[in-house]
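Subject: Structure handover and notes

Hello,

Here is the structure we talked about passing on. Please open it alongside this message.

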Amino acid sequence: MSPLQSRHLPDDDNGYDLLVVGGGIQGAGMAQAASAAGYSVLLVERDDWGCGTSSRSSKLIHGGLRYLESGQFALVRKALKERQVLLNIAPELVKPVPFVIPVYRHSQRTDMMLYTGLQLYRWLGRGLVYNDFDRFEPDDPQFDSLCGGGLIRQDLRAVYRYWDAQTDDKMLTRSVATSASTLGAKLARGWSLTHAQPCDYGWRVDLSDGNSYRRVEASVLINATGPWVSQVQTLIHSAPAPLSTELVQGAHILVEGRLGDSVFYLETEDRRGVFVMPWQQDSLVGTTETPYVGDPSQCRVLPQEVDYLRDALRRYFPELTVKIKSQFAGLRVLEGGNGGFFHRARDTRLQEFWHEGRGLVSLYGGKLTTYRTTAQAVIKRLEPHLGKRQPLADTATLQLVPVEAANA
């Protein structure tokens with residue numbers, strides 16, 4: 001049986017160094033990094049691996065060009081470095097793809113602004129692959145092949161092309177979880193944390209699969225439950241209060257037919273950016289930023305989000321017949337604050353609690369691209385408390401393969 005299929009908790013009376021709760025990309029990455037560093041790990045997931053936000057993203061491995069506008073230069077540099085790492089260790093899962101940005105007379109981001117921004121993006125990615133950009137005018141012979149022939153030309157000044165990468169987010173999550181298992185981590189899905197309390201060993205944790213209960217012990221708890229992070233935190237006795245956060249819904253629509261092999265980065269009327277991405281034989285359009293309050297399990301695409309994305313697509317491809325095949329929504333965890341979401345930090349925030357050898361680390365937010373560096377940052381925080389172990393592997397070079405190949 002594949003380790004991803006297991007619903008059984010191992011019979012282990014000795015406890016674990018780490019219990020990681022949450023089987024999205026952050027939890028899977030944490031289990032892989034901890035196992036690679038030589039720690040004993042149990043990774044539990046309530047539903048299925050990567051079934052939450054980690055399968056409802058824009059499916060991009062990218063530096064975050066738009067984060068330059070909010071001054072998040074360190075995050076962009078880190079993400080660009082990680083893009084190269086993932087291109088190296090997961091070539092079957094992470095593929096380079098060209099991004100195209102059209103500039104019109106009415107565009108808020110002018111020709112000069114984009115040129116300057118892409119120069120900075122290139123500088124932050126210095127020494128890395130896929131680190132150049134080009135500018136094309138509408139009469140360039142490459143224009144039609146680059147833009148698929150359907151992009152509106154009226155008032156078009158130029159298009160810019162740069163490079164980032166694309167992945168199957170759920171497949172990547174499952175591959176990282178499988179890698180963790182090969183390094184010795186124990187995996188169990190269908191189990192959720194119902195209560196945790198301090199004990200001599202660290203934490204005594206009650207888990208439930210809906211029909212039965214099991215109790216396990218671990219020195220350190222890793223709360224990697226994504227939009228449920230604050231909710232799970234309240235189930236841990238003596239844990240600090242959750243950080244101030246807001247949930248933001250991001251919706252996508254899958255539109256029949258492809259518009260070429262490039263990802264279009266389109267400016268909306270409210271100055272946000274919307275991606276139109278080739279996805280299998282169709283086009284994935286997203287995303288939105290809608291405040292969300294309520295049970296994270298109940299988030300659904302709203303009619304106004306569908307209209308917003310459809311209108312953005314029709315604005316640039318007016319001749320396109322927009323036939324929506326499917327839609328999905330996921331939730332981001334952003335720091336609380338006033339004003340819009342655009343300038344909120346997008347990097348992972350770590351909340352730590354240590355007492356007499358017992359640890360709790362909660363992960364708030366984060367990016368698909370930087371899951372590995374987040375996990376490495378947590379490992380560094382573990383060492384003073386758990387001691388350093390004999391490493392088994394380096395996740396920066398450990399190859400990831402599609403999960404079917406791993407299972408075979």
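My notes on it follow, grouped by region.

**Ground rules**

This is a predicted model: local features need pLDDT of at least 70, side-chain atom pairs count only at pLDDT 80 or more, and totals for chains, interfaces and linings use all residues. Residues are numbered from 1 along each chain as its sequence is written, and side-chain values use heavy atoms, with hydrogens and water left out.

**Confidence**

pLDDT is the predictor's confidence in each residue, from 0 to 100. The chain averages 91, and 96% of the residues score at least 70. Helix α9 (residues 403-407) has the lowest mean among the elements, 58. Helix α1 has the highest, 97. Helices (H or I, at least four residues) and strands (E, at least two) are DSSP runs, numbered from the N terminus.

**The cores**

A nonpolar core here is a set of buried Ala, Val, Leu, Ile, Met, Phe, Trp, Tyr and Cys residues joined through side-chain atoms within 4.5 Å. Buried means under 20% relative accessible area, exposed over 50%, and partly exposed in between (1.4 Å probe, protein chains only). In soluble globular proteins, nonpolar side chains tend to be buried together.

The largest core has 44 residues. Leu 18, Met 30, Leu 172 and Ile 222 touch the most other members. Elements giving two or more residues to this core include β1 (16-21), α1 (25-36), β10 (213-223) and α8 (371-386).

Contact means heavy atoms within 4.5 Å. Not counting residues up to four places away in sequence, Leu 18 touches, among others, Met 30, Val 41, Ala 218, Ile 222 and Leu 382.

**Around β10**

Two strands pair if DSSP finds at least two bridges between them. Strand β10 pairs with β1 in the parallel sense, over five bridges. Val 20 stands opposite Ile 222 there. β10 also runs parallel to β18, joined by four bridges, and Asn 223 stands opposite Ser 362.

With β9 (residues 203-208), β10 pairs in the antiparallel sense over six bridges. Leu 207 has Arg 214 as its bridge partner. β9 and β10 form a hairpin with four residues between them. Gly 210, in the turn, has a positive phi of about 95°.

**Helices α2 and α8**

Two packed helices are described by the angle between their axes and the distance between the axes. The axes of α2 and α8 come within 9 Å and cross at roughly 105°. Axes are lines fitted to C-alpha atoms, for helices over the stretch in contact, with angles from 0 to 180 degrees between N-to-C directions. The two helices are therefore roughly perpendicular to each other (65 to 115 degrees; under 35 is roughly parallel, over 145 roughly antiparallel, the rest oblique). Lys 78, Glu 82, Val 85 and Leu 86 in α2 meet Tyr 371, Arg 372 and Thr 373 in α8.

β12 runs parallel to β4 (residues 94-104), joined by two bridges. Phe 99 stands opposite Val 263. β12 and β13 pair in the antiparallel sense over four bridges, with Tyr 265 and Phe 275 as bridge partners. Five residues separate the strands in their hairpin, where Arg 271 takes a positive phi near 75°.

Gly 273 lies in β13 (residues 273-279). At 17% relative accessibility, Gly 273 counts as buried. Leaving aside neighbours within four places in sequence, Gly 273 is in contact with Tyr 265, Leu 266 and Thr 287.

**Backbone points to check**

- A cis peptide bond joins Gly 286 and Thr 287, with omega about 15°. Thr 287 is in the loop between β14 (282-286) and β15 (290-292).
- Lys 59 has a positive phi, near 60°. Lys 59 sits in the loop between β2 and β3 (60-61) and, at 6% relative accessibility, counts as buried.
- Ser 238 has a positive phi of about 75°. Ser 238 lies in the loop between α6 (229-233) and β11 (245-255) and, at 36% relative accessibility, counts as partly exposed.

Best wishes
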